[in-house]
Amino acid sequence: MILDIRHPAIVADDEEEFTKLIRFYKEILGMKEVWNEIEDYEQMKCMLGDVEIYGKKIKDQGCAVWSIKLAAKSGAELEIMKFIKPRTVKILHGYFCTGISHISFTVDDLDETIKRIKKSGLGEIISESCEAKLKPVKIAVVKDPGGNFIELVEEKNTVRKWIRLLKRVMGSLI
C-alpha cells in the first residue's frame, strides 16, 4: 500500500539548467534544501545494477550524480539531479531518462505564485488559474526552467487543507 509520494525527480541537462531549477523551486516556490550530496558509483549500482552506457558498465565510467532534495512546508520532497560523470544523460538507463509527465504541488496562494513566476522570468505559464469542475480547487499549469510541466493546485476550504495546516502548526510546536 502506498502511504505517500516520496519525491519526484528531475534530471538537469547541464550546470546552468541545474542552477535555474534549484533557484526556481527555492526562491520562487519557497522550497527548502534538505539534502545536498554527490551520489557515486556504489550508490548508482545499488539503485540500478551495473547498467551500460555507450556499451560500457557505469563502473568503468566513474558514474556520479549531484543530488539536491528540496522540501515543501508539508514535508513533500523534490529531487533535482545533475550528472557529473558521464556528462550526458540523454541515453542513460530508463530510471533517469523516461521523463516526468508533470509534478503536482499544492500551493497556498495560486494567484500570488503565478505572479512570482511571471516576475522571475524563470518559468513559462501554460494555463492561468482556473476552477476545477470536479474538485474544490484552483489549478494552473506552468513549465519550470528545464521545460518540465508543473501543476499548481490551491485547495479551497477542504478537510484535507485543514489537516495539512494542523500538521504544519503541530510540527512547528514539536
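Ring pairs link Phe24, Tyr25 and Phe105 into a cluster. Rings of Phe, Tyr and Trp (its six-membered ring) pair if their centres lie within 6.5 Å; planes under 30 degrees apart count as stacked, over 60 as edge-to-face and the rest as tilted. This is a predicted model, in which local features need pLDDT of at least 70 and side-chain atom pairs count only at pLDDT 80 or more, while totals for chains, interfaces and linings use all residues. Residues are numbered from 1 along each chain as its sequence is written, and side-chain values use heavy atoms, with hydrogens and water left out.

By the ring rule, the count comes to three aromatic pairs. Phe24 and Tyr25 pair edge-to-face, at 5.0 Å centre to centre and 85 degrees between the planes. The ring centres of Tyr25 and Phe105 are 6.0 Å apart and their planes stand at 50 degrees, so this pair is tilted. It links distant parts of the chain: Tyr25 is in helix α1 (residues 15-28), Phe105 is in strand β7 (residues 103-106), and they are 80 residues apart. Helices (H or I, at least four residues) and strands (E, at least two) are DSSP runs, numbered from the N terminus.

Is Tyr25 buried or exposed? Tyr25 counts as buried because its relative accessibility is 0%. Phe105, at 14%, counts as buried too. Buried means under 20% relative accessible area, exposed over 50%, partly exposed in between (1.4 Å probe, protein chains only).

Now move to α5. Leu110, Thr113, Ile114 and Ile117 are buried here. Down the helix axis, the buried residues of α5 fall within an arc of 100 degrees, so they line one face. The arc is that of the directions from the helix axis to the C-beta atoms. Exposed Lys115 and Lys119 sit on the face turned away from the buried side. What covers the buried residues of α5 includes α1, β8 (124-131), β9 (137-143) and β10 (149-155).

Asp109 caps the N-terminal end, with a side-chain oxygen 3.3 Å from the backbone nitrogen of Asp111. Gly121 follows the helix, with a positive phi near 75 degrees.

Finally, check confidence. pLDDT is the predictor's confidence in each residue, from 0 to 100. The protein chain averages 76, and 64% of the residues score at least 70. Confidence is highest in α5 (residues 110-120), at a mean of 94, and lowest in α4 (residues 94-97), at 48. Where pLDDT is low, the predicted coordinates should not be read in detail.

Definitions and conventions:
Contact means heavy atoms within 4.5 Å. A polar contact is a pair of N or O atoms within 3.5 Å; within protein, one must be able to donate a hydrogen and the other to accept it, and residues adjacent in sequence count only if both atoms are side-chain atoms.
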